[in-house]
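Subject: Handing over the structure

Hello,

Here is the structure I promised to pass on to you. Please have a look at it first, and then read my notes below.

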Amino acid sequence: MGLINNPTTRRKLVSFISRFNSPLCVICYVVGLLGFLALAYAPYNAKTYFSENALLPGWFSWAFNRIPAAWFESKFRSIGVDTHVQNFTFEYPEGLVKDQRFPGQNVYGILRAPRAASTEALVMTAPYRPLDSAEKTAGGIALMLSLANAFRKKTYWAKDIIFLVTEFDQLGMKAWLNAYHHCPTPYIHAGELTGRSGAIQAAINIEIAGDSISSFNIKSEGLNGQLPNLDLINTVVLLCHHGSITPTVHERADHLKPASQSGFIHSLQTMMLMMMTQASGSPSGNHGLFLPFHIEAVTIQGVKMKTGQRFSLNKIGDVVEGLFRSLNNLLERFHQSFFFYLLPATERYVSIGLYMPPFGVMALPLIIKVSDRGLLPLLPSLILSTFFGILSFNTTRFFVESAEAFHLSASDSILLGALAILIAAIAYPKLLKRKSPTSGADWRLMKCMGLLATALVLGALALMNISLAYFVAAVWTPVLVTAKPHGNRFAQLLQVVLLLAVSPLFLICVASFAYTLIFTKVASDPRQVMTQSLDLASKGFFSSVMDFHLFGNWTFALYSCAFVPIWALFWGLIWTPAF
Amino acid sequence: MMAFPFLLTCFVGMGLRYWLFGTSLAGWFAEQNEIVTPLTSWKRVTEGLSLFNLDRSPYEGDIFHETPLVLRLLNQLNNSFGSSLYILFMLLDLLIAVLLERIAKHHGRYLLQEQARKISEYSTEAQDILLKTNALQITRLIIVAGYLFNPYVVMTCIAKSTAIFNNLAIVSAMLLTLKGNQTWACLWIAVAAYLSFYPIMLVVPAAIFIAQRQGTDLSSPQCISSVMKTVLCTLTSLTALLYISFTLEGSWQFLNSTYGFILSVPDLTPNMGVFWYFFTEMFEHFCLFFLWVFQINAFIYTVPLSIKLRDQPIFLMFMLIALMAIFKSYPSYADCALYLSLIPLWRHVLPQTRNNFIVVCMLMVCSVLAPVLWHLWIYSGSANANFYFAIALVFSTAQIFLVTDLLFAFLRREYDLLHGSKPLIINGKPTEVILE
């Protein structure tokens with residue numbers, strides 16, 4: 001109370017902050033931005049370690065030694081596990097394909113634990129993809145079947161093991177999880193499960209294309225940027241080392257000299273790749289859908305390089321078996337170690353305690369620039385900007401339906417709809433001005449409200465999805481903090497360009513462009529890259545709408561309910577009369 | 001002239017509620033621990049009603065905590081409104097808004113009377129801060145808009161929280177006290193106390209106010225008899241309500257499920273208060289002692305505040321409503337919303353407040369972070385109880401800042417009225433008034 005009630009100390013603090021306002025902001029921003037990136041440097045982050053000793057990774061001898069074959073789901077019965085088939089149907093949300101339901105099937109077998117009642121379970125899952133698809137999973141399924149056969153003959157299992165093959169990747173996964181936990185969702189109609197086990201403790205998703213791999217890629221990012229417990233990733237990494245298979249994150253192995261300059265750049269790139277994936281909010285594999293149910297899960301993906309050492313399925317089976325033996329040792333749910341971290345390498349992590357301070361410092365200018373005055377004249381701008389948010393949240397169905405008349409594809413129509421709302425938002429300051437030429441809206445006050453709202457949204461977001469919060473803060477902080485109405489025409493023009501460049505829709509296009517450049521390897525001709533990324537922008541926007549309805553991905557809700565209104569408020573701000 | 005903006009405000013406020021009832025937010029709010037408590041959750045009411053309709057006493061279980069009269073009232077309302085029950089909650093909100101407008105009117109009149117009575121004592125330099133009739137007129141609109149568009153009020157209404165009945169009783173008691181209607185004021189205080197126990201404190205300011213209207217001096221025999229009459233009248237009404245409940249229910253079992261539930265705090269579902277965390281952490285054999293400490297803490301402020309604010313009983317009533325909302329055993333946004341909506345009555349002291357910006361920021365941060373941290377704790381399992389409690393603690397702290405700040409501002413204005421609003425000059429430097 002002393003600090004805020006004692007007028008003298010308070011005045012000192014306030015006068016200090018207002019005197020060194022701008023340099024403070026610049027320093028904070030730069031320090032935060034770079035400080036965050038510096039965390040990828042090995043001496044500044046920490047080596048991963050095991051918190052949960054019950055995992056006992058690698059404290060057993062290897063038993064799996066079977067030659068895998070291309071068996072399919074009917075084989076479960078002959079293996080002798082409790083086999084069930086789940087039917088599900090799904091429909092496209094927002095009236096995309098009307099009155100049509102697509103059927104799908106999941107097959108799963110439950111290996112009942114000989115040493116315990118079925119109160120706890122582990123899940124091994126592999127997505128079933130047609131043989132002509134780009135990323136095949138037949139190897140993973142074969143491995144799973146032979147592991148099931150091997151596991152069944154052992155007596156040491158203390159948890160049920162569910163072997164699950166899902167159709168339509170995430171849709172099937174979601175249908176199965178919804179049915180298992182009795183959580184119906186409107187667009188995926190999951191059929192009853194005829195057999196079930198206990199509470200699922202952990203899940204491993206396997207994506208292996210053929211019969212040999214050169215390294216194991218660990219995918220951790222889940223729905224809404226949620227991450228599995230770090231102990232699970234540690235286990236995978238350790239077991240890979242046991243089996244002398246190289247573990248990678250984002251298909252990047254650890255640098256040999258992480259403390260060197262090239263080592264720093266290598267880990268920074270790895271960390272940035274992870275952050276980009278996390279920021280999108282969509283899961284990087286089927287494991288991501290387990291995480292919202294409080295089930296720790298990772299995807300291990302077999303990567304096949306053209307050159308270098310190859311490992312057969314036998315070797316891979318050793319690693320996966322070891323993983324399940326470790327998980328079998330668990331006495332309670334994963335609760336130690338970290339849930340909030342970034343991985344610059346497989347064995348290094350940046351914990352929440354390390355990344356939050358630079359992020360906070362970077363977002364601090366938003367708070368420093370806040371000042372306070374009376375509120376009422378702001379109402380029209382506030383209401384209108386909220387209105388744009390609600391509009392973009394609720395109108396996707398309308399755009400899809402009205403675009404049918406023009407023979408536009410659904411993804412294009414949703415992007416065009418978002419563009420229409422953006423243009424409406426661009427036009428609204430003019431409308432307000434015409435009605436009341438001397439409207440008393442004080443831009444400083446508007447800015448104060450807007451900055452507060454931004455700080456609040458970014459702060460809350462940082463708790464759940466640090467990567468998205470970091471990227472948004474990195475581009476928004478400088479632009480929003482400097483936003484003000486300019487009398488000077490050139491300055492105003494610059495401002496308009498800057499603000500348009502950070503508009504949510506444009507940022508999505510930029511993000512898609514970056515994704516195309518980084519994640520797809522065909523980009524050589526610049527024109528091709530452009531068309532491809534535009535295509536990806538519309539697809540990306542479309543799939544975020546779909547993900548929102550099908551899986552509960554919040555990126556779209558966040559876009560329309562938080563980012564669009566805040567941006568519209570600032571857009572209105574720069575057009576208010578300067579005084 | 002005031003009628004049109006007033007009607008427009010009511011209309012837009014109702015429209016907003018109607019729209020929100022149609023969205024998926026309604027179901028979400030009804031499950032949020034910050035908005036509904038075990039005492040006010042509509043889900044629990046439906047459970048109680050179905051047990052009641054099956055001729056089982058809902059008080060035998062551990063789910064239902066409404067009083068018997070409310071149980072019967074809700075049963076009646078539920079049967080007559082059916083699926084359009086949300087209209088009832090909208091109408092109740094509108095009714096409270098109208099009552100608040102009446103309160104603003106009577107309170108404005110009361111303030112002007114007081115000012116006219118004491119004007120001879122005031123400093124000649126206090127002209128600037130004297131109340132004007134025009135400003136008080138506008139307050140009536142502000143209080144209605146402030147209530148109908150307060151996000152906490154809207155959330156409470158959309159969640160169908162039964163706290164709305166409690167708020168209605170408190171607002172009615174306040175209005176009738178201001179009108180000087182002794183019998184009815186006592187009856188409504190008794191109803192409020194019957195609903196949620198804590199409002200029994202309000203009998204103190206009501207008694208002081210009514211006594212002051214009749215006699216001039218607080219120690220005169222007339223005054224003392226008036227105070228006695230108010231207290232007795234309230235207690236009699238409360239006893240009558242309890243006795244009616246007993247005859248309807250046929251046993252005293254309901255006392256344990258309602259007041260026993262409020263006082264002994266057996267349900268430690270997290271909420272925006274501090275009880276749940278302390279009592280989950282505490283060793284069993286300390287519980288009883290700290291239960292007494294916490295509950296006495298909720299009531300103890302009545303004594304010092306009544307002495308300090310004996311000449312401003314309506315402000316005392318406001319302070320008590322606010323402290324009740326902070327320190328009660330199952331607080332929710334509904335309680336917070338009630339006293340926030342009453343703040344416009346003291347609009348003239350707001351220029352003296354110092355922390356309202358910080359308080360507003362704190363409240364905003366808590367309202368956004370509470371559901372986020374709840375999600376991280378309960379659904380993702382990646383955060384834990386301490387995160388959520390930290391936010392609940394900040395929320396309580398913000399409210400305490402707000403209340404002390406308002407008290408300070410109120411006293412500061414009283415001081416300024418007597419000593420002039422310009423700072424004293426000593427040794428050529430302006431002095432400051434500091435509260436320590």
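What follows is a short tour of what I found.

Before anything else, please keep in mind that this is a predicted model.

Let me begin with the strands of chain A. Strand S2 (residues 82-90) of chain A runs antiparallel to S3(A), and nine bridges join the two. One of the residue pairs to look for here is A:Asp82 with its bridge partner in S3(A), A:Ile110. S3(A) also pairs with strand S5 (residues 160-167) of chain A, again in the antiparallel sense, over five bridges. There, A:Gly109 has A:Phe163 of S5(A) as its bridge partner.

Elsewhere in chain A, three strands make up an open sheet with antiparallel pairing, in the order S1-S14-S13. Its edges are strand S1 (46-47) and strand S13 (341-345) of chain A, since each of these pairs on one side only. S13(A) is joined to strand S14 (residues 348-351) of chain A by three bridges, and the two run antiparallel. If you want a residue pair to find on screen, A:Tyr341 has A:Ser351 in S14(A) as its bridge partner.

Chain A also has some charges placed over rings. The charged end of A:Arg325 is over the ring of A:Tyr156, 3.9 Å from the ring centre. In another case, A:Arg196 lies over the face of A:Tyr180, with 5.3 Å to the centre of the ring.

Now to chain B. An unreviewed UniProt entry gives it the feature "transmembrane region" at several spans, including residues 258-279 and 357-379. In the model, residues 357-379 of chain B are 100% helix and 0% strand, and the end C-alpha atoms of this span lie 33 Å apart. Residues 258-279 of chain B are 55% helix and 0% strand, with 19 Å between the end C-alpha atoms.

B:Ala173 belongs to helix H8 (residues 163-179) of chain B. Beyond residues up to four places away in sequence, B:Ala173 touches B:Ala185, B:Trp188 and B:Ile189. The C-alpha atoms of B:Ala173 and B:Asp335 are separated by 15 Å, and these residues are 162 apart along the chain.

The other is B:Ser257, in helix H12 (residues 253-264) of chain B. B:Ser257 is buried as well, with a relative accessible area of 9%. A polar atom of the B:Ser257 side chain lies 3.2 Å from the backbone oxygen of B:Tyr59. Leaving out neighbours within four places in sequence, B:Ser257 is in contact with B:Tyr59, B:Phe64 and B:His65.

Finally, the aromatic rings. Over all chains, the structure holds 52 aromatic pairs. Among them is the edge-to-face pair of B:Phe289 and B:Phe290, at 5.1 Å centre to centre and 80 degrees between the planes. B:Phe289 is exposed, with a relative accessible area of 52%, whereas B:Phe290 is partly exposed at 29%. Ring pairs also link a cluster in chain B whose members include B:Phe275, B:Trp276, B:Trp374 and B:Tyr388.

Enjoy exploring!

Best wishes

Note on methods. Residues are numbered from 1 along each chain as its sequence is written. Chains are lettered from A and ligands numbered from 1 in the order in which they are written. This is a predicted model: local features need pLDDT of at least 70, side-chain atom pairs count only at pLDDT 80 or more; totals for chains, interfaces and linings use all residues. Side-chain values use heavy atoms; hydrogens and water are left out. Helices (H or I, at least four residues) and strands (E, at least two) are DSSP runs, numbered from the N terminus. Contact means heavy atoms within 4.5 Å. Buried means under 20% relative accessible area, exposed over 50%, partly exposed in between (1.4 Å probe, protein chains only). A polar contact is a pair of N or O atoms within 3.5 Å; within protein, one must be able to donate a hydrogen and the other to accept it, and residues adjacent in sequence count only if both atoms are side-chain atoms. Two strands pair if DSSP finds at least two bridges between them. UniProt positions are given in the numbering used here, feature names are shortened, and annotations may be inferred rather than shown by experiment. Rings of Phe, Tyr and Trp (its six-membered ring) pair if their centres lie within 6.5 Å; planes under 30 degrees apart count as stacked, over 60 as edge-to-face and the rest as tilted. A charge sits over a ring if NZ of Lys or CZ of Arg is within 6 Å of the ring centre and within 35 degrees of the ring normal.
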